[in-house]
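Please find below a colleague's note on the structure shown here.

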Amino acid sequence: MTVTAQPIVTAEREGALLASVPTGLLIDGQWRPAASGKTFDVEDPATGRVLLSLADAGPEDGAAALDAAAAAQESWAKVPSRERGEILRRAFELVTARAEDFALLMTLEMGKPLAEARGEVTYGAEFLRWFSEEAVRAFGRYSVSPDGKSRLLVTKKPVGPCLLITPWNFPLAMATRKVSPAVAAGCTMVLKSANLTPLTSQLFAAVMMEAGLPAGVLNLIPTSTAGATTGPLIKDSRLRKLSFTGSTEVGRRLLADASETVLRTSMELGGNAPFVVFEDADIDAAVAGAMLAKLRNMGEACTAANRFIVHESLADEFAEKFAAKMADMTTARGTEAESKVGPLIDAKSRDKVHELVTDAVAAGAVAVIGGAAVDGPGYFYQPTILKGVTEGTRILSEEIFGPVAPIITFDTEDEAVRLANNTEYGLVAYVFTRDLNRGIRMGERLETGMLGLNAGVVSNAAAPFGGVKQSGLGREGGLEGIEEYLYTQYIGIADPYAG
Ligand SMILES: NC(=O)c1ccc[n+]([C@@H]2O[C@H](COP(=O)([O-])OP(=O)(O)OC[C@H]3O[C@@H](n4cnc5c(N)ncnc54)[C@H](O)[C@@H]3O)[C@@H](O)[C@H]2O)c1
Ligand SMILES: O=CCCC(=O)O
């Protein structure tokens, strides 16, 4: 693991791309400066250099964005669903055509290796395509009441103006996963991008406008003051929906705020995924799955495997093979050819990862590989495996959000279930076994919104993504995703044969 210096992207290419990114707020179809005139800097986590300065929205801009969204709602809801779907389809094509730009921009502002950023473009664009197809299928139903008299007409209507708040770790996919179903359903939006990685949303919003989205439908307010700027919107009765992706801690606070107006919410929150390897697992497949579940996005994913719960009969072999694969994971700036693991997002995140590792080691764990930050510029952390981790240590209960894999062992299936469920989170779990019945049993017994059965990644635009327990409320993607932006209205019709 070394930090190398062989860029595959020239400074000129980076400069030209950054120059093409709008730096204003998007309100009612116009890019404009913040009312205060303030800006904030966006930094490259691999080098610390400033990439761009963006207009810094404040409460006045938030209010203007909601004004625009509220004003556009009625006419937007009347736009035929086919037309809304076609806008999404054009956006899918535009994002795909500019895939290299989106990938490089994400690598620059977030740090992930270019190959991973390309993967996110494909994943993120898929939400545009999926919901372009779903837009025309938001049906209601007609039925005759059981007593044969009244007629029941059930329709689906857009919930209305939505506030969408996204995290920094998947700058494109987290935005498309919300914007696409909202467009498909006929909702207008205020999007608050993450202050650490707002550039991708700037480019994405420009693409949505190019695809034909009418003014006011999507308003974008990058800001360095999230709470102050969005707080008043959450209490504004014109807002009808909050869709938040981020930490459980912030999600809880927003849920409390949303209760004031009984605001409808979707909450995609933190995770603490167990990765269970049974004694009958294909160990090489389990190691390949572990690499994906742990190192995708440098471990900075809500879906990242956080606790490796491995049958005691194969724990040593699993750790050895896992470490051999980890040893090939070169840490380097995402724009460098060898990069397999980019920097963590900031110093605070890297320090937290190291604190969890230090705490586990003090409690008796041993680093099979890694265990320290990488010297030099950027917030790199060595891919790390810890063996002999004991129950009760912080690393098993807190989100690591870094390339660190703690291993604990179990003996019986009941014990594996107990360990896996021993968390306040319930987003995703991974199970590796050759026994289909056991796989099904684990699906039934694990408290999780999603399960990867012999699979290290579950993310798929066509599937309902979301958690149980303190991992959140609601689902994104799949058939369920559009429902989050629709409400059901029932019209009771008197017996058409009476009198
Ligand atoms: N379940 C999922 O689908 C999913 C997906 C990605 C990330 N996450 C979770 O997100 C977290 C990492 O992302 P993060 O560090 O950006 O999370 P975060 O909670 O710190 O921030 C998320 C977003 O909320 C904003 N925010 C922060 N305080 C706010 C406030 N008071 N009012 C309004 N907005 C506020 C931030 O600016 C950001 O845009 C992890 O916990 C991860 O598991 C969950
Ligand atoms: O960070 C969580 C989102 C990850 C994903 O959608 O695959």
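The numbered points that follow treat the cavities and then a hairpin.

1. The model is predicted, with local features requiring pLDDT of at least 70, side-chain atom pairs counting only at pLDDT 80 or more, and totals for chains, interfaces and linings using all residues. Residues are numbered from 1 along each chain as its sequence is written, chains are lettered from A and ligands numbered from 1 in the order in which they are written, and side-chain values use heavy atoms, without hydrogens and water.

2. Three cavities of 30 Å³ or more are counted. A cavity is a set of points, on a 1 Å grid over the protein atoms alone, where a 1.4 Å probe fits but cannot get out; lining residues have an atom within 4 Å of a point. Volume is the space filled by probe spheres set on the points, which are joined across faces, edges and corners.

3. The largest cavity has a volume of about 70 Å³. Its lining comprises 15 residues, of which Pro274, Ala420, Tyr425, Glu447 and Thr448 are the closest to its centre. By class, seven of the lining residues are nonpolar, five polar and three charged (Ala, Val, Leu, Ile, Met, Phe, Trp, Tyr, Cys and Pro count as nonpolar, Asp, Glu, Lys and Arg as charged, the others, Gly among them, as polar).

4. The second largest cavity holds about 50 Å³ of space. Residues lining this second largest cavity include Arg296, Tyr430 and Ser459.

5. Strand 3 (residues 39-43) and strand 4 (residues 50-55) run antiparallel, joined by five bridges. Strands are DSSP runs (E, at least two residues), numbered from the N terminus, and two strands pair if DSSP finds at least two bridges between them. Asp41 has Ser53 in strand 4 as its bridge partner. Six residues lie between the strands of this hairpin, and Gly48 in the turn has a positive phi of about 80°.

Notes
On a 1 Å grid over the protein atoms alone, a cavity is a set of points where a 1.4 Å probe fits but cannot get out, and a pocket is an open set with protein on both sides within 12 Å along at least five of seven lines; lining residues have an atom within 4 Å of a point. Helices (H or I, at least four residues) and strands (E, at least two) are DSSP runs, numbered from the N terminus.
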